[in-house]
Amino acid sequence: MDPAVTIPMTPKTLERLLTDLDRSIPTEMLPPVSTGKHVAAVVGTTEGSLAQDRYLKKGIPYTRIGSRVRYLRADVLAFLASNRVDGDR
């Protein structure tokens, strides 16, 4: 028996999850274009962990502006929604 049950990601389901996640994250904590520091605080990880994910080409999608790394709020929310696991509680 698989303990992790994933939700099928139909466009409507994804839209609903993104809306719910957007409501649960204060706008001032995660601006539309965020630094690694902002994202790490929201996701509950470290900037080093985000950097390691980028090096391994996994994790939250990011954008480079010159040598600077930025995360788009929409990408962070989509990543969280697509990695959501619904438990059997």
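Which residues line the largest cavity? They are Leu 50, Asp 53, Arg 54, Lys 58, Gly 59, Ile 60 and Tyr 71. A cavity here is a set of points, on a 1 Å grid over the protein atoms alone, where a 1.4 Å probe fits but cannot get out, and lining residues have an atom within 4 Å of a point.

Before I go further, a word on the source: this is a predicted model, in which local features need pLDDT of at least 70 and side-chain atom pairs count only at pLDDT 80 or more, while totals for chains, interfaces and linings use all residues. Residues are numbered from 1 along each chain as its sequence is written, and side-chain values use heavy atoms, with hydrogens and water left out.

The protein has 4 helices and 5 strands, and from the N terminus on its elements run β-α-β-α-α-β-β-α-β. Helices (H or I, at least four residues) and strands (E, at least two) are DSSP runs, numbered from the N terminus.

Helix α3, residues 47-55, gives the most to the lining, with 3 residues. By class, the lining has 3 nonpolar, 1 polar and 3 charged residues; Ala, Val, Leu, Ile, Met, Phe, Trp, Tyr, Cys and Pro count as nonpolar, Asp, Glu, Lys and Arg as charged, and the others, Gly among them, as polar.

I turn now to helix α4, residues 73-82. Its buried residues are Arg 73, Val 76, Leu 77 and Ala 81. They lie on the same side of α4, because they cover an arc of only 130 degrees around the axis, taken from the directions from the helix axis to the C-beta atoms. Buried means under 20% relative accessible area, exposed over 50%, and partly exposed in between (1.4 Å probe, protein chains only).

Is Val 76 buried or exposed? At 1% relative accessibility, Val 76 is buried. Pro 61, found in the loop between α3 and β3 (63-65), is partly exposed at 38%. Val 76 and Pro 61 are 15 residues apart in sequence, yet 7.3 Å apart in space, C-alpha to C-alpha. Pro 61 and Asp 75 are 14 residues apart in sequence and 6.1 Å apart in space, again C-alpha to C-alpha.

Conventions: On a 1 Å grid over the protein atoms alone, a cavity is a set of points where a 1.4 Å probe fits but cannot get out, and a pocket is an open set with protein on both sides within 12 Å along at least five of seven lines; lining residues have an atom within 4 Å of a point.
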